[in-house]
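Q: Please take me through one part of this model in close detail, and state the cut-off behind each term as you use it. I would like one connected account.

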Amino acid sequence: MSEQDLPLPTGSFAQLSNGLQLHYLDEGEGPVVLWLHGSGPGASGYSNFKGNYPHFCEAGYRNIVLDLPGFGRSDKPDDVEYRLEFFVEALNLFLQQLDIKSCTLLGNSLGGAIALGQALAYPETVDKLILMAPGGVEERETYFQMEGIKRMVEVYGSGPMGVAEMREVMSLQLYDASQLQDEILAERAAVAVTQPANLFSTMLVPNMTERLHELRCPVLGFWGTNDVFNPPAGTFKFLDNVPEARFLLLNRCGHWVQVEHEDLFNRTCLDFLKQG
């Protein structure tokens, strides 16, 4: 399937100074919230956040829903290493290209780790952080011991991921798999076949726990106690080290709080954003 045929909305493209072209949706007007999705096969900004950003538009925010390099409609180079520094460099160049001086970064899983990396490397660009089960606070070995990660690697390594294989992996992301819509599975399966092998084989996110005390922006976080991808105990690494942080721990919730508890997530985030 070609990029043009993907079952995703087409927004705008930003040509970065390092040669990458990134796709993004730009919806609403007001203070900027930049949305960063996670790293599962077939992920895109739209499929991750379609139930969330329209409410932020209605509340008076400009929403930049980004497809990270290697995902969605963005470039997917097969000759790079998809390390955290690569993603942070791309994000910072993207902000420069759109002339966004500072904004709220909202990130899920890998997107949370990238938001955290941006806030540590370029603190002047980040007003607030909203993080959902963020990566970047455990060693790589810990993540690969998690049930969800192990199963995702097995299925991805066994060959092309169709809708059935995508359902097998994605069902682990939610506490209640009945919330998983066929539309999302089709969107992600279509993107997955366009992704290069080096995307997941070279992906590396360092453990940034020892740097959390450096954060100077307010942090709002969410974590599901039934998450089998990122250990929920990461919540306390933020609460113990970040100067200004609040986290919601939710039961009957897996790795996708913005989908599993959509209304609660939207209301809590908007309240946080309105607080100065």
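A: Axes here are lines fitted to C-alpha atoms, for helices over the stretch in contact, and the angles between N-to-C directions run from 0 to 180 degrees. Helices (H or I, at least four residues) and strands (E, at least two) are DSSP runs numbered from the N terminus. Because this is a predicted model, local features need pLDDT of at least 70 and side-chain atom pairs count only at pLDDT 80 or more, while totals for chains, interfaces and linings use all residues. Residues are numbered from 1 along each chain as its sequence is written, and side-chain values use heavy atoms, leaving out hydrogens and water.

The axes of helix 7 (residues 163-170) and helix 8 (residues 182-192) come within 9 Å and cross at roughly 110°, which makes helix 7 roughly perpendicular to helix 8 (angles under 35 degrees count as roughly parallel, over 145 as roughly antiparallel, 65 to 115 as roughly perpendicular and the rest as oblique). Helix 7 contributes Val163, Met166, Arg167 and Met170 to the contact, and helix 8 contributes Asp182, Ile184, Leu185, Ala186, Arg188, Ala189 and Ala192, where contact means heavy atoms within 4.5 Å. These residues divide into eight nonpolar, no polar and three charged; Ala, Val, Leu, Ile, Met, Phe, Trp, Tyr, Cys and Pro count as nonpolar, Asp, Glu, Lys and Arg as charged, and the others, Gly among them, as polar.

Which residues does Pro41 touch, not counting those up to four places away in sequence? They are Met152, Tyr156, Met161, Met166, Arg188, Ala192, Gln195 and Phe200. Pro41 itself lies in the loop between strand 3 (32-36) and helix 1 (45-49), and its C-alpha atom is separated by 7.8 Å from that of Val191, 150 residues apart along the chain. With a relative accessible area of 3%, Pro41 is buried (buried means under 20%, exposed over 50% and partly exposed in between, for a 1.4 Å probe and protein chains only).

Strand 3 pairs with strand 5 in the parallel sense over four bridges, with Leu34 opposite Leu105. Strand 5 in turn pairs with strand 6 in the parallel sense over six bridges, and there Cys103 has Val126 as its bridge partner. Six of the six residues of strand 5 are buried, so strand 5 is largely enclosed by the rest of the structure.

The axes of helix 3 (residues 84-97) and helix 4 (residues 110-121) come within 9 Å and cross at roughly 70°, making helix 3 roughly perpendicular to helix 4. In this contact Leu84, Phe87, Val88, Leu91, Asn92 and Leu95 of helix 3 meet Leu110, Ala113, Ile114, Gly117, Gln118 and Ala121 of helix 4, a set of nine nonpolar, three polar and no charged residues.

Terms used:
Two strands pair if DSSP finds at least two bridges between them.
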